[in-house]
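Here is a short report on a two-chain model. Look at the fold first, then read on.

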Amino acid sequence: MAESFLLKYVREADQGDLDAYVARGGYEGLRRALGMAPEQVIDEVEQSGLRGRGGAGFGTGRKWKFLPKDPAVTKYLVVNADEGEPGTFKDRTLLEGDPHRLLEGIAIASYAIGAHQAFIYLRREFHRARAVLERALAQAYAKRYLGQDVQGSGYGLEVVVATGAGAYIAGEETALLESLEGRRAMPRLKPPFYPAVKGLYMQPTALNNVETLCHVAWILARGAAWYREQGMPILFSVSGHVQRPGVYELPLGTPIRQVIEAAGGMRPGRAFKACFPGGSSSAILPPPYLDTPMDYDLTKVDVYGSMLGSAAVIVMDDTTCMVEVVARTVEFYREESCGKCTPCREGTVWMTQVLERILHGQGRAEDLELLNGIAKGMTGTCFCPLGESVPPAIYSTMRFFRQEYEHHIRTGSCDVKAAVHAGAAR
Amino acid sequence: MTVTLTIDGRTVTVPKGTTLWHAAKAAGVDIPIFCYHDRMPPLGACRMCLVQVEKAPKLVTSCTLEAAESMVVHTTAPEVKAAQEGILEYLLINHPLDCPICDKGGECPLQDQTFRYGPGRSRYVEVKRDFAKPVSLGRVLVLDRERCILCWRCVRFGEIIAGDDALKGFERGFQTEVNTPFTMPVESKFIGNTIAICPVGALTARTYRFVARPWDNHRVSSVCTHCGVGCAVYFDVRGNAIMRTQARESPDVNDVWLCDLGFFGHGYVAHPDRLTQPLIRREGGLTPASWDEALDLVARKIAAARPGRTALLGGARMTNEDAYVAARVFRTAVSTTHLDCRLDARPGSPSLDVPWGMTTPIADLATRDAVVLVGCDLTEEYPVLWLRLKQAVDRGASVIALTPKALEIGRAVAHHLVYRHGEGAAVVAALAEARAGRPPGADVAGVAHGRIALAAQALGKASRPLVMIGKAALEGPDGAAMLEQVGALSEALGLPLSVLRGRGNVFGAAFAGLLPDTAPGGRPLEEMRADLERVWGEALPSGRGMSAPEIVEAAAAGDLDVLYVAGADPATDLPDRSRWTAARRGAPFVVVQDAFLTETAQGADVVLPALVIPEKDGTVSNIEGRVQAIEAAVAGPGEARADWQIMSALARRMGKMVAYSGWAEIADEMRSLIPELRTEAIVPLAPRAAAPAADARRPAGAGTVRPPDGSLTLIVGEALFDRGAMSARSGAIADLAGEPWALLHPEDAARVAVADGEPVVLTSRRGSVALRARLSTAILPGQVFVPRGYDAAPVSALVDAAEAVTHVRVAGL
């Protein structure tokens, strides 16, 4: 395996510091980019094969090419640092551990698209990241890596940190723009409001994830060819019933089993039961899928809603009640639905009510059909991906763990919990 | 460019850019929908309008997708049917289904669409969401959060149409609710529209809650005559009472909107204070009399009056036909030249020299790229015009507002030049100079010179500018200079000046001839004398006619024998209250023809009960000169009569036949004199001779008048919601108006130790008035703003019309 680079320095004590960053070759990528034409920078990123690390996996270079080239048009770069997908914590690790990498990536991306103003939309709860970022920003401005005249190139860039107000939906790119403009975070209609055409303040806007921009900094520093040789590493946020939950840098396509092994494997004496491969918005996969490669082709697996997403692997062992997992997951979406569209707003609350009833021993035989029906009513009918994120967990658990639902409904109790308790008693 | 597509097997061709929903409508295919309102851009939130498009991976919302060439669309496919049923089931899981007691029942889109597209039964067995209800959001708006389906129409109305952000979404997901911050009373002049466009019974009006079922109402077309914009309305009538006012679609005037004065200002019609029989002063008191007694007495007095010593004041409450007959009867049977409907002009006001009204169609406002608004508080005076102006602003137009009080639409005003009262003309002059390339070197009348220069720049860039002058400019101390400067600016831009002046149907009254020396249609009387004498069969008296302020002064001087006041309340309308006191004292015989025992009527010798607009058939004219038809919604109370009938009966008693079978015959006669007259069209007043030179008696431009020793300069202005004869008797409007108030700058308030909401007494040389203080930086320091229209605390009691500027002292109570 190639060297780990994204996480290489995040645990260094001095990593918020500009001098240390520069001493390790930092801002070389920016310097190199400034010596290139913006289109060349975009080409280099496109050649690297980098795809957005926010979850949708769109080609980064291609995305930038959608923005108009006309220098008279005001363009913006907006960094999506509103990391909120349950189980995802890689961006926070980068923000807190390698802030200059992000700033370098921002400067390179802004230069490439011709933006002179960039916004970092930071999740409100990331207080530590905010402090680290602000210190890094001050340093970068002082040493002219940002500001009026970046490194004497004549190119100017202002970077502003803005925080959200605690809504998951603000991670959706158009809702983020609404929030950044000072309104209630609700997604915009696409079309016509594709950010690359009509984004922030109705100007063409590139929206990139934190990890994506850190990749960009490395790509420009070492070149697209080098980057490809590294096996396209990405960051996995591994959580749940593993021995060492955390962020792991592994090549794209690493099978689920190896990702879990990298995180220390399952807890002693426990067996893998299921996992969300790509955050709570993805389907739940049972053991037969353990050798499936974690890459963008995860969507081609025969489970509705299976995807790489934000590469947040939430691992569950055999002590887990899947009905509880689904109830908790749907409850999250119920709380985070913005309320704009009917199916998401009403479907999540209804589903939660039914699941809670089942968990409280009040399930009815017809509830399984009903749950499936509510999920179907939300499938393909919601305004944005938030609502569409709910059915996969329902469908996949009803398919792979139907007997757990049935047991709850039939007996009013949980066989998984009972087994765990019995085991503990033994 | 068009595209041709197939919807449910029907081929339809629509312009490129048409959404599927509209294309379906054009093809005669109904698609259910809640969130979309055709005056606002599509939202795609309710998901009710999902359709199937061949080759699309999933269903799409027809309100958001543009029709494309060769598209094949299905709106009744099983998948679509399932989605529609699913969405309706979702919408109803938390809906209380209290249709039997819901005001919306019977005209409810949720009810109708559930009936037509719903699943018929619900699988929902859980406990419904429970909100405390109803929630009162101010004087008229009532919110039921359980009924709300969160279509966002009301919120978007405030953002997109009215620009007042009156209602917003709070909380998230299933807990989302439409509300105001902290459930404070809603701040809007247009909130009635949100009730009208609410697709469920979530927003209701206190004035209509549990009052009627829609199927019991019948709708009568009329026109709102409160402010002069002339919005088309329906009065929903049950029995002989107006249940509510609704907007009637009129693309050229109000589109589909109204202001809240229009929505809730009909209460006066059925008020028990309405006059139901004539009154005659006997032994000091007004006592009931028969029409015969009253008219005989009036006829006798008029017949006994010496030539030229009878005058008519008023007309703004009448229809065009009423005013025409009044003008005919007074010019012929009564034989006077003194008639005028413009009561609220101050003596020597320059507004008496110009025709009132807009010179461009209302709808045209939306297409202007720069609008100079001088001395008009648009949302207080002509609220619905603001909705048009907002459209222009949204398209990038610059509004340049020069006013003595900052406008509440300030957020949309790019160049807001708030001047010191009495010095506005200097600011207009500086703006014109700056436009000509000579920006001011110093601040003018409290306005920063840089801002004047910027405003001039914006004006310079405009290709379709518009200049409008309002009452605050014309009736201000430097009114003459204002008119001159604004007129010059308008002329320099090659535009006819729009005069935003006049309320009610004053435009119709002027059009029908209730102006001195002016014939019906607005031509000089002398030009039309022969025609009029032919049609009316009478010789018309000669001699110059007096304007309203002159009539009042003549009465005060004892130069009149009979003063006839029709549909006006000079005791409260005149800017200087003392002038009416003097006029009443000086006039031996005063007749008042009105709907209420107004202050003027209380002092009259004969009072004749008249009908009000919703009780009449005929036509009215609005601020742009549009003649619109109205139908009687209800019958008047008691023996009250239409103004034209009273005038006709009076003429008969004076031995002249001025008889008509009805309003249509009057209108026909008017048309014979005014060939351009057509209903539902703009009929501009004929151009009059150039305005006479400035009246010598007019107070000179105030220059820089500094108030003496700590007193404040009084600015008298307009408020949409006030407590006049009609508004005080329309409960909701009186409530919205609240107590009479005075606007003080915080610095001035601090000097006299008055806090916001505290009572204050304003005292001038003339008198004093107790008001409630409102603190605001909307005016410059050293001034106090008081709205007129509160009859119980008339600001006119402070004013001496002989003075250019009124100074008042303010003290806490």
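Helix α12 of chain B, residues 449-461, lies across β18, β19 (398-403), β20 and β21 of chain B. Its direction is about 135° to β20(B). Helices (H or I, at least four residues) and strands (E, at least two) are DSSP runs, numbered from the N terminus. Axes are lines fitted to C-alpha atoms, for helices over the stretch in contact, and angles run from 0 to 180 degrees between N-to-C directions.

This is a predicted model: local features need pLDDT of at least 70, side-chain atom pairs count only at pLDDT 80 or more, and totals for chains, interfaces and linings use all residues. Residues are numbered from 1 along each chain as its sequence is written, while chains are lettered from A and ligands numbered from 1 in the order in which they are written.

**The sheet**

The open sheet has 5 strands with parallel pairing, in the order β20-β19-β18-β21-β22 (chain B). Two strands pair if DSSP finds at least two bridges between them. At the edges, β20(B) and β22(B) each pair on one side only. From one strand to the next, the twist averages 15°. Strands β18 and β21 of chain B run parallel and are joined by 5 bridges. Within this pair, B:Val371 stands opposite B:Leu466.

| Strand | Residues |
|---|---|
| β18(B) | 370-374 |
| β20(B) | 415-418 |
| β21(B) | 465-470 |
| β22(B) | 498-500 |

**A buried helix**

How many residues of α8(B) are buried? The count is 12 of 12, so the helix is largely enclosed by the rest of the structure. Buried means 20 or more other C-beta atoms within 10 Å of the residue's own, with C-beta atoms placed from the backbone. Charged names are on the list, including B:Glu321, B:Asp322, B:Arg328 and B:Arg331.

**The interface**

Here 26 residues of chain A are in contact with 25 residues of chain B. Contact means C-beta atoms, placed from the backbone, within 7 Å. On chain A, α12 (322-336), α13 (342-359) and α14 (367-378) each supply at least two residues. The most come from α13(A), with 9 residues.

**Confidence**

The model scores ipTM 0.94 and pTM 0.95. Over residues 689-704 of chain B, pLDDT stays under 50.

Key
Contact = placed C-beta atoms within 7 Å. pLDDT = per-residue confidence, 0-100.
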